[in-house]
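Colleague: Hi! Could you walk me through this structure, bit by bit?
Modeller: Happy to. Here it is.

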Amino acid sequence: MTSPCDLLVCLCFQVSEGELIEAIRAGHRDVDALREATGANTGCGDCLEDLEDLLAHEGQESAPPGSL
């Protein structure tokens, strides 16, 4: 069975959602930092919106309660 974290977000460089989440949690908090850390979004560019969505989602997950 495939986990949602195993789903490929960047098809050009085979970068999974899990890898991107790990990178975000390690401090790569913008698209440029994710590109540098994972190689995602350095090919065709189709995954840009997905990277932005993950950044927004993970930012909400890690924000202290009541800070949003």
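Colleague: Which residues does Leu-51 touch, leaving out those up to four places away in sequence?
Modeller: Leu-51 touches Val-9, Leu-20, Val-31, Leu-34, Ala-40 and Asn-41. Contact here means heavy atoms within 4.5 Å. One thing to keep in mind is that this is a predicted model, where local features need pLDDT of at least 70, side-chain atom pairs count only at pLDDT 80 or more, and totals for chains, interfaces and linings use all residues. Residues are numbered from 1 along each chain as its sequence is written, and side-chain values use heavy atoms, with hydrogens and water left out.

Colleague: Where does Leu-51 sit, and is Leu-51 buried or exposed?
Modeller: Leu-51 is part of helix 3. Helices are DSSP runs of H or I with at least four residues, strands are runs of E with at least two, and both are numbered from the N terminus. With a relative accessibility of 0%, Leu-51 counts as buried. Buried means under 20% relative accessible area, exposed means over 50%, and partly exposed is in between, using a 1.4 Å probe and protein chains only.

Colleague: And how far apart are the C-alpha atoms of Leu-51 and Leu-34?
Modeller: They are separated by 8.1 Å, while the two residues are 17 residues apart along the chain.

Colleague: Let's zoom out. How many helices and strands are there?
Modeller: The protein has three helices and two strands. Along the sequence they follow the pattern β-β-α-α-α. Of the 68 residues, 29% are buried. Also, among contacts between residues at least 6 apart in sequence, 40% join residues at least 24 apart.

Colleague: At what angle do helix 1 and helix 2 pack?
Modeller: Their angle is about 115°, and the axes are 10 Å apart. The axes are lines fitted to C-alpha atoms, for helices over the stretch in contact, and angles run from 0 to 180 degrees between N-to-C directions.

Colleague: Which residues meet there?
Modeller: From helix 1 you have Glu-19, Leu-20, Ala-23 and Ile-24, and they meet Leu-34, Ala-37 and Thr-38 of helix 2. By class, this contact has five nonpolar, one polar and one charged residues. For those classes, Ala, Val, Leu, Ile, Met, Phe, Trp, Tyr, Cys and Pro count as nonpolar, Asp, Glu, Lys and Arg as charged, and the others, Gly among them, as polar.

Colleague: Which residues of helix 1 are buried?
Modeller: Gly-18, Leu-20, Ile-21, Ala-23 and Ile-24. After helix 1 comes Gly-27, with a positive phi near 110°.

Colleague: New topic: how many salt bridges does a search of the whole structure find?
Modeller: The search finds two. A salt bridge is a side-chain nitrogen of Lys or Arg within 4 Å of a carboxyl oxygen of Asp or Glu. In one of them, the side chains of Arg-25 and Glu-58 meet at 2.8 Å, N to O. Arg-25 lies in helix 1 (residues 17-25) and Glu-58 in helix 3 (residues 48-62), so this pair ties together parts that are 33 residues apart in sequence.

Colleague: Are those two partners buried or exposed?
Modeller: Arg-25 is exposed, at 55% relative accessible area, whereas Glu-58 is buried, at 5%.

Colleague: What about Asp-32, which residue does it form a salt bridge with?
Modeller: Asp-32 pairs with Arg-35, and their closest N and O atoms are 2.7 Å apart. Both lie in helix 2 (residues 31-38), three residues apart, about one turn of the helix. In general, an α-helix has 3.6 residues a turn, so residues three or four places apart point the same way. Asp-32 is exposed at 53%, and Arg-35 is partly exposed at 26%.

Colleague: Last one: where is Asn-41 found, and what is its phi?
Modeller: Asn-41 is in the loop between helix 2 and helix 3. Its phi is near 65°, a positive value in a residue other than glycine. Asn-41 is buried, at 9% relative accessible area, and is also one of the residues that Leu-51 touches.
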